[in-house]
Amino acid sequence: PVTTALENYESSIYSSGKTEYANVNWDELGFALTKTDYMYVMNCSKDEEIFSEGILTRFGNIELCPSSGILNYGQGLFEGLKAYRKEDDGILLFRPEENALRMKMGADRMCMPSPTVEQFIDAVKRTVLANKRWVPPHGRGALYIRPLLMGTGPNLGVKPASEYTFLAYASPVGNYHKSPMNLVVEDKVCRAAPGGTGGVKAVTNYSPIYKTLGQAKARGFTDVLFLDALTGRNIEEGSAFNIFILKGNVISTPTAHGTILPGITRKSIIEIASTLGYQVEERDVPIEEVFDAEEVFCTGTAMVLKSVVSITYQGKRIEYKMGEEPVAQKLHATLTGIQTGLIEDKMGWTVEV
Ligand code: COI
């Protein structure tokens with residue numbers, strides 16, 4: 001059985017006490033799938049509402065009924081979190097409980113049962129341990145864990161699926177964008193509207209912006225920033241990141257009131273910046289303020305924290321001239337220091353695997 005093979009595999013690499021790495025060119029990693037060894041799967045029927053104990057199984061294709069909820073009606077959510085290798089080879093997860101809680105919140109919105117926080121964290125830990133050799137060496141990337149929750153039961157009618165699958169797989173990753181961040185503001189296509197699902201990590205929040213993103217890339221931009229759907233006046237979120245602006249000692253970011261994904265990196269940066277003495281404001285941020293900002297930066301689990309070099313809106317372009325010590329750099333260093341165990345985690349954010 002798979003579990004026995006895995007136990008043998010685990011004991012062979014752990015008992016030796018030496019670190020074994022997969023054959024990966026860590027310096028070439030971007031944000032793309034590298035297939036790893038194992039994935040973790042748990043199932044649940046709608047009537048029971050409780051996920052059975054999951055199993056680790058070889059990473060590979062899964063079987064789905066053509067009329068499954070996820071394929072027909074997009075009844076699905078995903079999460080993203082990272083495992084980092086410390087200098088002493090230990091492995092840290094960053095705030096997995098937050099991902100578990102966000103999945104629960106999203107599951108409620110999407111009429112799905114969800115794993116308990118304990119089940120979620122256990123699943124993530126097992127996925128990391130089973131793929132330990134794919135966790136990049138300290139300072140050279142992270143293992144990105146992608147938990148999925150999907151309606152797998154068959155349905156032709158428009159209603160919640162009768163069965164659900166939670167699946168977690170992992171891939172080593174490097175930088176999300178390797179090139180400098182030149183953003184374009186989209187003023188026609190909206191990412192999320194009030195009352196919609198923009199505030200949860202529904203799978204359906206992402207593909208509708210592919211066209212806009214592709215067009216922006218074809219014009220030489222790195223990524224897209226969306227405006228609020230109601231007024232078109234305030235900045236909201238990028239294709240896969242939250243946004244912050246800095247002016248003087250004040251750091252502002254759009255309020256996550258349902259149309260913006262409540263990012264865990266976003267939340268962490270708000271807390272780190274406040275601790276470092278910045279005044280952090282969550283509020284509506286009119287597009288005009290972008291042209292008056294000293295620094296702009298993006299955050300996300302995949303993105304981590306990245307300074308924006310330029311923003312273009314309706315043909316008007318601003319370039320940010322960062323000083324000797326950009327605030328974004330200080331925030332990035334503190335965040336990644338905590339994530340990789342270089343800085344003492346006084347917040348209790350990291351979890352040993
Ligand atoms: C993440 O930052 O983890 C995300 O989920 C964004 C993803 C679409 C790449």
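Me: What makes the residues of the shell around the ligand nonpolar, polar or charged?

Reply: The shell divides into four nonpolar residues, three polar ones and no charged ones, where Ala, Val, Leu, Ile, Met, Phe, Trp, Tyr, Cys and Pro count as nonpolar, Asp, Glu, Lys and Arg as charged, and the others, Gly among them, as polar. The residues that surround the ligand are G80, Y206, A240, G300, T301, A302 and M303, and a residue is near a molecule if its C-beta atom, placed from the backbone, lies within 6 Å of it. Please keep in mind that this is a predicted model, in which local features need pLDDT of at least 70 and side-chain atom pairs count only at pLDDT 80 or more, while totals for chains, interfaces and linings use all residues. Residues are numbered from 1 along each chain as its sequence is written.

Me: How do you know that the size of the chain agrees with a compact globule?

Reply: The radius of gyration is taken over C-alpha atoms, and the globule rule is 2.2 Å times the number of residues to the power 0.38. For 353 residues a compact globule would have a radius of gyration near 20 Å, and the chain has 21 Å, which agrees. Along its principal axes, the C-alpha trace spans about 60 × 55 × 35 Å.

Me: What does the secondary structure of the chain come to, and which strands does strand 1 pair with?

Reply: The chain has eight helices and 17 strands; these are DSSP runs numbered from the N terminus, with helices being H or I of at least four residues and strands being E of at least two. Two strands pair if DSSP finds at least two bridges between them. Strand 1 (residues 38–45) is joined to strand 2 (residues 55–58) by four bridges, and the two run antiparallel; here Y38 has R58 as its bridge partner. Strand 1 also pairs with strand 7 (residues 163–173), again in the antiparallel sense, over six bridges, and in that pairing N43 has T165 as its bridge partner.

Me: Why is C44 called buried?

Reply: A residue is buried if 20 or more other C-beta atoms lie within 10 Å of its own, exposed if 12 or fewer, and partly exposed in between, with C-beta atoms placed from the backbone. C44 has 22 C-beta neighbours inside 10 Å, so it counts as buried. This residue lies in strand 1, and, leaving aside its neighbours within four places in sequence, C44 is in contact with E49, I50, F51, S52, P113 and Y164, where contact asks for C-beta atoms, placed from the backbone, within 7 Å. Over the whole chain, 42% of the 353 residues count as buried.

Me: What makes R85 buried, and which residues is R85 in contact with?

Reply: R85 has 24 C-beta neighbours inside 10 Å and therefore counts as buried. It is found in strand 4 (residues 81–85), and, with neighbours within four places in sequence left aside, R85 is in contact with I91, V135, P136, P137 and H138. The C-alpha atoms of R85 and L143 are separated by 8.8 Å, although these residues are 58 residues apart along the chain.

Me: Are R95 and C111 buried or partly exposed?

Reply: R95 is buried, because 22 other C-beta atoms lie within 10 Å, whereas C111 is partly exposed, with 13 other C-beta atoms within 10 Å. R95 is placed in the loop between strand 5 (91–94) and helix 3 (96–109), and C111 in the loop between helix 3 and helix 4 (117–130). R95 has a positive phi of about 50 degrees although it is not a glycine, and C111, also a residue other than glycine, has a positive phi near 55 degrees.

Me: Which residues have the most contacts inside the largest nonpolar core?

Reply: A nonpolar core is a set of buried Ala, Val, Leu, Ile, Met, Phe, Trp, Tyr and Cys residues joined through C-beta atoms within 7 Å. The largest one has 85 residues, and those with the most contacts inside it are A83, V128, L143, I145 and V296. Strand 7 gives the most to this core, with seven residues. Not counting residues up to four places away in sequence, A83 touches several residues, including V128, L143, I145 and V353.

Notes. Contact = placed C-beta atoms within 7 Å.
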